[in-house]
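Please open the model in a viewer and keep the selection panel at hand.

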Amino acid sequence: MKNKFFPDEDISENDLYFMCYMVERVARELHQRNKYVVNTMGYDNLYDRISVANVLHCENPLKVVDDWIKEYKLERGDFDVTDVDRELAEIIPTPTQMGKVYTRLILQTRETDEDYVQGMIRVYNSPICDKIDNYNCSAFYEPSYVIARAYFEGDFY
């Protein structure tokens with residue numbers, strides 16, 4: 001995938017990871033699902049942000065979260081991914097950990113001629129994300145090949 005603003009530069013997997021990490025942070029801040037953030041921002045805005053991810057990763061992540069919320073008019077919801085049964089879930093994964101989970105899933109399920117932004121939109125809109133984002137179970141903690149298989153099969157078996 002080529003950088004929108006510097007066509008001689010390629011978007012890297014690290015840029016994709018930054019985007020997945022920021023989607024997770026924004027969604028948690030707003031008590032929304034990740035797909036809300038991705039769908040509300042849309043392809044063009046996600047492409048803009050991934051094209052400057054190598055610069056944005058130097059910014060304070062809280063500032064980036066606030067900027068995205070204001071710029072894309074993202075609204076508060078009522079889904080709190082961290083609201084778990086503490087007897088079932090002793091550990092809640094961090095946004096950086098979940099950014100890695102989603103980055104690997106996007107890369108491992110990437111379709112022919114699909115760019116990173118298209119992959120983000122496809123994966124975050126998959127029903128499997130409801131299981132991955134249910135921290136009362138261990139789906140997010142499974143090896144990446146198990147998560148990818150569950151994505152293709154439509155569920156964890």
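Buried means under 20% relative accessible area, exposed over 50%, and partly exposed in between (1.4 Å probe, protein chains only). The model is predicted, so local features need pLDDT of at least 70 and side-chain atom pairs count only at pLDDT 80 or more, while totals for chains, interfaces and linings use all residues. Residues are numbered from 1 along each chain as its sequence is written, and side-chain values use heavy atoms, with hydrogens and water left out.

**Cysteines**

Select C137 to begin. At 28% relative accessibility, C137 is partly exposed. The structure holds zero disulfides, a disulfide being a pair of cysteine sulfur atoms within 2.5 Å. For C137, the nearest cysteine sulfur belongs to C129 and is 12 Å away. Select C20 next: the nearest cysteine sulfur, again that of C129, is 10 Å away. C20 is buried, with a relative accessible area of 1%.

**Helix α5**

Now select residues 95-108, which form helix α5. Helices (H or I, at least four residues) are DSSP runs, numbered from the N terminus. The expected span of a helix is 1.5 Å times one less than its number of residues. For the 14 residues of α5 this should give 20 Å, and the end C-alpha atoms are 20 Å apart, which agrees.

Which residues of α5 are buried? They are P95, M98, G99, V101, Y102, T103, L105 and I106. To see what covers them, display α1, α2 (34-51), α6 (116-124), α7 (128-132) and α8 (144-153), which are included in that cover; contact means heavy atoms within 4.5 Å.

**Cavity**

On a 1 Å grid over the protein atoms alone, a cavity is a set of points where a 1.4 Å probe fits but cannot get out, and a pocket is an open set with protein on both sides within 12 Å along at least five of seven lines; lining residues have an atom within 4 Å of a point. Grid points are joined across faces, edges and corners, and a volume is the space filled by probe spheres set on the points.

Select E24, A27, R28, Q32, R33, N34, F79, V81 and D133, which line the largest cavity. About 40 Å³ of space lies in this cavity. Helix α1 (residues 13-30) supplies the largest share of the lining, three residues.

Finally, select I91, P93, S138, F140 and Y141, the closest to the centre of the largest pocket among its 16 lining residues. The largest pocket holds about 280 Å³ of space.

Definitions and conventions: Helix = DSSP H or I, 4+ residues; strand = E, 2+ residues; numbered from the N terminus.
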